Amino acid sequence: MSPSSKHLDITRLSALGVLVSLGIVFGDIGTSPLYVMKAIVNSRQESASLPFNEYIEGALSCIIWTLTLQTTVKYVLIALRADNRGEGGILALFSLVKNLKKRWLYLIAIIGASALIADGVITPSLTVMSAIEGLKIYNPHTPVVPITIGILIGIFVVQQFGTSFIGKFFGPVMMLWFLMLGVLGYIHMIENFEILKAFNPYYAYKLIVNSPSAILILGAVFLCTTGAEALYSDLGHCGVKNIRVSWFFVKTMLILNYLGQGAWVLANPDAVLGTGLNPFFGIMPEWMLIPGVVLATAAAIIASQALITGSFTLFSEAMSLSFWPNQKINYPSGVKGQMYIPKINWGLLVSCIFVVLYFKESGRMEAAYGLSITVTMFMTTILLTFWLLKRRVNNLLVLLFFLLYSAIELGFFGANIIKFFDGGWISVILAGSIALAMYAWYNGRRIKMKFIKFVPLAKYITIIKDMKLDETIPKYATNLAFLSNAKKEGEVDAKIIYSIIRKQPKRADHYFILSIVNQEDPYTFEYTVDEIMPGTIFKVNFLLGFKIDRRINDYFDDVLKDLMEQGIIPARSSYPSLRVHNIPPDLKYVVIDNTYISDALLTLKEKITLKIYNLVKVIGSDDFKTWGVSPHNVVVESAPIWDQNIVAKKIRQREIHSV
């Protein structure tokens, strides 16, 4: 995908932008009424000593002020300002502070991103299952698990074809969803205006202080704001103004619904206590139950789609930051920002199916749901603190921000960690596995880079010039391209020189050193050419943002055409028999695979890191696949590490004395 792809700009404030924001950004947080009040009522069993009305009013007050402080203030008003060329999310935030002299911040980014990915597994499973469970009111024998798995399979299968067509309906469907939430809530709220006392934060304080199991209640309340991190991650899709305007509509509808559910629960305590009835479906009139379940299922699918798309974006950012191995990325519909990573897609599907089969009901999933996202939120708070310091915000205000949100999020973390053995361990293991893989990949590359030698290309120009004129060396190709990782100007990987000169002398008319230079702007799509040796050696730098497909094969074809049109290289084959027929010159790529590093040069920690690194590499793609190079004209080679100074005695030749 390139910036020239046709797409609507929905990042500017407009009615269309607001509508699309409803469909893309608020799916996760917008479906929270499906399970939040149910989780709160279930937690009541541990707090029976508290009057029921005070318990519900206090819980509602906690919801209102959590949505205000956590979602509105931290994310909508503060975090959305921290954008990386229009892109949001924890890795975009890390990109803004990674130049600070705090190398350990990469660990914060890795932990936060891994926990967010784990949330991306739990969210589709929980939201879809919560919606389908509404059918059990109509038919208690509804096969919830098979239906949920079937819907999840459909969601993930369709990713490879692109979702631009059905995506057009996301906004209108979510608008209808939020209106339904608000209207249903309002109808029951006006039956008991006493419920409006929940706006007073005193009731939240009273519940937390007086409840013997406040920690359990907070774990249930936290579910109302779990989509805030996804909201920040989707900044690049819709723009800050559209998100902020639509959020106040969304927040109003959510609070109305929560108040309505609270009023209904107070009026019908026997209908929910000990019965497992979900108050969300309880507030619906009987005639509306089936349409309500259908709409809830549609909203759950949209929420799942948003989380999946966000996961793809997160992994693409991780690749550009060297946190994750390069994998093939497709752009199935050509729509701005929409991508598809096959291995990630199927990995998420398998994980979701496992979660559904393990828990079997949404109520048990809630234990695993909140734990991982509290970690991401706290990691975001740490990175935001450094971003605010970088922006030279008053130190006292920054300290206040950090202390306030650390207290809130560590409190929520404590409320969720006690559910570790009830299912929270799944999200911890999932997030921990991804974090370990990211850590090993990032540091494994750093270890390898210590041994990968880069040499000045100018030092070898004379040798390559003489090779070009030496007809005793068989001609290897007319145009010969190498993929390079050298970052410094004028340098090239030593293994490329080894391949050209020593591995098998490769005589060619033109040598091209290709390099990708990741750009801060996600949609940068440019290239530069440096002519190192006139008419013979060229360094081509592809300046690409992480939202641009790495189809280097196609882009290099464009570069060659430009060079031919400019008369810098011939447009016809150098072989007379082919040139007379206007046959274009041949092209061959050389990809140099793994290089050997002796264990004698590594510490124990480095050995372990590289072992994990090699395991993680299996899920990556070969360089020529990642770079979009057609395999028909690719030669894959291996090369040794140059100048390994192994601290050991040199083997001696034994002297043999004749008798």
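How many aromatic pairs does a search of the whole structure find? The search finds 24 of them.

## What you are looking at

This is a predicted model, where local features need pLDDT of at least 70, side-chain atom pairs count only at pLDDT 80 or more, and totals for chains, interfaces and linings use all residues. Residues are numbered from 1 along each chain as its sequence is written, and side-chain values use heavy atoms, with hydrogens and water left out.

The chain has 28 helices and 8 strands. These are DSSP runs numbered from the N terminus: helices are H or I with at least four residues, and strands are E with at least two. Of the 659 residues in the chain, 56% are buried. Here, buried means under 20% relative accessible area, exposed means over 50%, and partly exposed is in between (1.4 Å probe, protein chains only).

As for contacts (heavy atoms within 4.5 Å), take those in the chain between residues at least 6 apart in sequence: 82% of them join residues at least 24 apart.

## Rings that pair up

Back to those 24 aromatic pairs. Rings of Phe, Tyr and Trp (its six-membered ring) pair if their centres lie within 6.5 Å; planes under 30 degrees apart count as stacked, over 60 as edge-to-face and the rest as tilted. Tyr202 and Tyr205 make a tilted pair, 6.5 Å centre to centre with 35° between the planes. Both sit in helix H11 (residues 201-210), 3 residues apart, which is about one turn of the helix. Tyr202 is partly exposed at 45% relative accessible area, while Tyr205 counts as exposed at 53%.

Now try Phe525 and Tyr555: their ring centres are 4.9 Å apart and their planes are at 80°, so this pair is edge-to-face. It links distant parts of the chain, with Phe525 in strand S5 (residues 525-533) and Tyr555 in helix H25 (residues 552-565), 30 residues apart. Phe525 is partly exposed at 33%, but Tyr555 is buried at 7%.

## Charges over rings

Some rings have a charge sitting over them, meaning that NZ of Lys or CZ of Arg is within 6 Å of the ring centre and within 35 degrees of the ring normal. Lys475 lies over the face of Tyr575, 4.8 Å from the ring centre. Likewise, the charged end of Lys506 sits over the ring of Tyr476, at 5.3 Å from its centre.

## The nonpolar cores

In soluble globular proteins, nonpolar side chains tend to be buried together. A nonpolar core here is a set of buried Ala, Val, Leu, Ile, Met, Phe, Trp, Tyr and Cys residues joined through side-chain atoms within 4.5 Å. The largest one has 156 residues, and Phe26, Trp177, Phe178 and Phe323 have the most contacts inside it. Helix H6 (residues 105-132) gives the most to this core, with 15 residues. Domain 1 (22-445) and domain 2 (454-640) both contribute residues, so the core lies between them; the domain bounds come from an automatic or database domain assignment. Apart from this core lies another, of 25 residues, including Ile464 and Phe482.

Phe323 also belongs to one aromatic cluster with Phe94, Tyr106 and Tyr442. Leaving aside neighbours within four places in sequence, Phe323 is in contact with residues including Leu91, Ala109, Met438 and Trp441.

## A look at Thr68

Thr68 is found in helix H4 (residues 52-78) and counts as buried, at 18% relative accessibility. Thr68 and Lys251 are 183 residues apart in sequence, yet 8.8 Å apart in space, C-alpha to C-alpha.
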